[in-house]
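Open the structure in your viewer and keep the selection tool at hand. We will go stop by stop, and each stop tells you what to select.

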Amino acid sequence: MRLTTHRNLVLTGFMGCGKSAIGREVACRMGREFVDTDQLIETRTGRSIPDIFARDGEAAFRALEAEVCRELGVERGLVIATGGWTLGTPENRTTIAAGGLVICLRADAATLIERLGSAAGRPMLADQDWQARLRGLLARRLPVYLSFPLQVNTANMSVEQAADRVLALWEAFGADGTEHLPVSLPVTYGEEGYSVLIRDGLLDRAGVLLAAADRWSGVAVISDQVVAPLYASQLTTALQRAAEPPCSARAMEHPILATMPAGETHKNLETVTGLYAKLLAGGLDRGGLVLALGGGVVGDVAGFIAATYMRGVALAQLPTTLLAMVDSSVGGKTGVDLPYGKNLVGAFKQPVMVLIDPLVLKTLPEPELRAGMAEVVKAGIIGDPELFAYLERGAVTDMAWLIRRAVAVKIAVVEADPYERGRRAVLNLGHTFGHAFELLSKYRMRHGEAVAIGMAVAARLAMRLGLCRAETARRIITTLQRLELPTIVPAYPAETIWEAMTRDKKKRGSRLRFVLPHDIGRVEIHEDVPRERVLEVLEEK
Ligand SMILES: NC(=O)c1ccc[n+]([C@@H]2O[C@H](COP(=O)([O-])OP(=O)(O)OC[C@H]3O[C@@H](n4cnc5c(N)ncnc54)[C@H](O)[C@@H]3O)[C@@H](O)[C@H]2O)c1
Ligand SMILES: [Zn+2]
C-alpha cells in the first residue's frame with residue numbers, strides 16, 4: 001500500500017537545496033513524470049530565467065510562476081520541483097497545495113554557498129557579495145520555508161538519502177488531506193531556525209520527521225519513570241519504522257532509552273551524570289540526536305545534556321505536559337537546579353524540532369493540566385486577546401488550537417529576544433510573585449498555581465497603579481477562577497513575601513522588575529514600583 005494517492009508531490013526550498021536532482025530521483029522511483037517549474041517557464045518562453053529577469057524584471061517572472069502554479073495545481077500524479085521562491089506568495093502556496101503534498105528541502109547557508117559555487121545564472125543573487133546576499137535572503141525567507149510542516153534537511157545527505165526521506169514523508173503523510181498535516185510554527189534566529197509541529201497522533205510519525213531533519217549517527221530518548229512506561233515504546237516503534245525502507249535511516253534502529261526519576265527534585269547534576277553514563281554506554285556520539293520525551297523537567301535536563309554531552313549534540317523536544325508544550329519546550333532555555341536554588345546551571349540550546357502531540361495529555365493528571373493552563377492564560381494576557389477570550393468563555397475543548405495560540409505568543413517573544421536580554425522578561429508575568437509563593441511553600445505549591453496567584457496579584461497591582469482598568473483586572477481574575485486556578489495570596493505576612501521576592505535570582509540590584517498588564521494582550525515591564533504599593537496589594541484579602 002505504497003501509493004495511496006494521485007496527489008502531486010511538490011518539492012520546494014531555497015536554491016541549491018537539491019530540488020531538481022532529488023525531484024528527478026523521487027519521480028523515477030515513483031514511476032512519475034517530473035516537472036521543474038523553472039524549466040517549464042524557460043521552455044514556454046524560449047528564454048532563460050536570467051534573461052527574463054534582466055529584460056522584464058522580477059515581477060514579470062513572478063507572474064509567469066503564478067500561471068504555472070495554477071496549471072499544475074489542477075494536474076495529478078506529478079512530481080514537481082518549484083523555483084526557489086515560487087511558493088513565497090500565499091496564492092501560489094494555495095494553488096499548488098490544492099493539488100499536492102508540499103515537502104520543503106533545506107540546507108544551511110554554508111552548504112548552499114558551497115553547492116552553488118557562484119552566483120552565475122542566479123538573478124536573485126546578483127550582487128558584488130553574492131554570499132552575503134544569499135545569507136540575507138535565506139534569513140528573510142526562512143519563516144516561509146519553515147512554515148511547511150514537512151522538511152528534509154539535505155545538507156549532509158546524498159541525493160539518494162534525501163530521496164529516501166522524501167518518500168518516507170510521502171508515505172507517512174501523502175494520503176492525508178492538507179487539513180490533516182501538522183500545524184507548523186516557525187522559530188527563527190538569524191539564518192537558522194526550527195519548527196514547532198502540532199498535531200494529534202504526531203508521536204507515531206516522529207521517526208520519519210526526525211530522520212528527515214539530518215543524518216544522525218544515533219538516537220537517545222531521555223524520559224522519566226512516569227512518562228517512559230506510557231509513551232517510550234510508542235516513540236521507539238515510530239523511530240524503528242524510520243530505520244526501514246523507504247526511509248532507511250539505520251541510526252533509528254536501536255534507540256537508546258535513558259530514564260530519570262520523575263519530578264523537580266531530580267532536576268539536578270546527579271541525574272545529569274547518570275544520564276551521561278547511559279548515553280555513553282549506549283554509544284551515542286557527536287553525530288547523535290537526543291530526544292526529550294516528558295514534561296518541563298525532562299526537557300530542561302535533556303536539553304542541558306544535549307548542550308553539553310560531547311560539547312553538544314542535537315536536541316528535539318517532545319513535550320508531554322501542557323506546561324512543556326506551551327512554555328518550556330520552545331525558546332532554548334535549559335538547565336538544572338543546585339542545592340542553592342532553581343535553574344542555577346544551564347545553557348541555551350535550540351532544538352532541531354519540537355513535536356507536540358496533544359493526545360498525550362489524556363494521561364496527564366488533572367492538577368498538572370490545570371497548572372499548565374496558567375501558562376496558557378499568561379500567553380493570552382501577554383499577547384493574544386483572542387486566546388484569552390476563548391479561555392474566558394470557560395469551555396476549553398480545542399486543545400490543539402489553544403496550544404498553537406499559546407506557543408505562537410512564546411515564539412513571538414523569544415524571537416524578539418533569543419538570549420533573554422530584555423523583552424523576554426514579559427514571560428515572567430505572574431512569576432515574580434509566583435516564585436516567592438513557591439519558595440515559601442517549600443515547593444509544595446505547584447508552579448502553575450503559584451503563577452496564577454502571581455498573575456492575579458499583578459493584575460490588582462496594575463489596577464492600583466492606574467495602569468489598567470478595573471475591568472481588565474477583573475477579567476484576569478475571573479478567568480483564572482473559572483479554570484479552577486487559585487487567585488488568593490497565601491497567608492504569609494506581606495513582608496515575608498517581599499523578602500522572598502527579593503531573594504529571587506531574577507532581581508536586579510535592589511529593585512524588582514514587575515511585568516504588569518496594561519490591557520488583555522499588552523503587558524509592560526516596570527522597575528520603579530514602590531515597595532509600599534506592592535505590600536498593600538499583598539495585604540489585600
Ligand atoms: N526551559 C524553560 O524555558 C522553562 C520554562 C518553564 C518551566 N520550565 C521548567 O519546567 C519544569 C516544570 O515542568 P512540568 O510542569 O512539565 O513538570 P514535570 O516535567 O515534572 O511533569 C509533571 C509530572 O507529570 C508527569 N507527566 C508528564 N507528562 C505526562 C503525561 N503525558 N501523562 C502522565 N504524566 C505525565 C511527569 O512524570 C511529572 O511527574 C520546571 O522545572 C521548570 O523550571 C522551564
Ligand atoms: Zn512558568
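The tour below visits sheets, helices, aromatic rings and a metal site. Keep in mind that this is a predicted model.

**Stop 1**

Strands of a sheet pair through backbone hydrogen bonds, either parallel or antiparallel. For a parallel example, select residues 8-13, which are strand 1, and residues 100-106, which are strand 4. The two pair over 6 bridges. Zoom in on G13 and you will find L105 of strand 4 opposite.

**Stop 2**

Pick out strand 10 and strand 11. They run parallel and are joined by 6 bridges. V290 stands opposite L315 in strand 11.

**Stop 1: along helix 10**

Stay with helix 10 and select residues 227-241. How far apart are its end C-alpha atoms? They are 21 Å apart. At 1.5 Å a residue, the 15 residues should span 21 Å, so the two values agree.

Colour the buried residues of helix 10: V227, A228, Y231, A232, L235, T236, A238 and L239. They pack against strands 8, 9, 10 and 11, and also against helix 9 (206-211).

**Stop 2: along helix 16**

Select residues 399-416 for helix 16. Its 18 residues should span 26 Å at 1.5 Å a residue, and its end C-alpha atoms are 26 Å apart, which agrees. Its buried residues include M399, W401, L402, I403 and K410. What covers the buried residues of helix 16? Among the elements are strand 6 (183-189), strand 7 (192-198), helix 13 (322-328) and helix 15 (385-392).

**Stop 3: aromatic rings**

Show the side chains of Phe, Tyr and Trp. The count comes to 7 aromatic pairs. One of them is F53 with F61, a tilted pair with 5.1 Å centre to centre and 40° between the planes. F53 is buried, with a relative accessible area of 14%. F61 also counts as buried, at 3% relative accessibility.

Now jump to Y276 and Y309. Their ring centres are 6.2 Å apart and their planes are at 25°, so the pair is stacked. Y276 lies in helix 11 (residues 269-282), while Y309 lies in the loop between helix 12 (296-308) and strand 11. The pair therefore ties together parts that are 33 residues apart in sequence. Y276 is partly exposed at 23%, whereas Y309 is buried at 4%.

Finish this stop with F14, W85 and Y145, which form one aromatic cluster.

**Stop 4: the zinc ion**

Select ligand 2, the zinc ion. Which residues are its protein donors? They are E375 (OE), H431 (NE2) and H447 (NE2), lying 2.0 to 2.2 Å from the zinc ion. Their spacing in sequence is E-x55-H-x15-H. E375 lies in helix 14 (residues 366-383) and H447 in helix 18 (residues 447-464), so this pair ties together parts that are 72 residues apart in sequence. Is E375 buried or exposed? E375 counts as buried, at 2% relative accessibility.

**Last stop: T472**

Go to helix 19 (residues 470-482) and find T472 there. T472 counts as buried, at 2% relative accessibility. Leaving aside residues up to four places away in sequence, T472 touches D519 and I520.

Conventions. Residues numbered from 1 in each chain as written. Chains lettered and ligands numbered in written order. Predicted model: local features only at pLDDT ≥ 70, side-chain atom pairs only at ≥ 80, totals over all residues. Heavy atoms only, no water. Donors = N, O, S within 2.8 Å, 3.2 Å for Na, K, Ca; no water. Helix = DSSP H or I, 4+ residues; strand = E, 2+ residues; numbered from the N terminus. Buried < 20%, exposed > 50% of the residue type's maximum accessible area, 1.4 Å probe, protein only. Expected span 1.5 Å × (residues − 1). Contact = heavy atoms within 4.5 Å. Pairing = 2+ DSSP bridges. Phe/Tyr/Trp six-rings, centres within 6.5 Å; stacked < 30°, edge-to-face > 60°.
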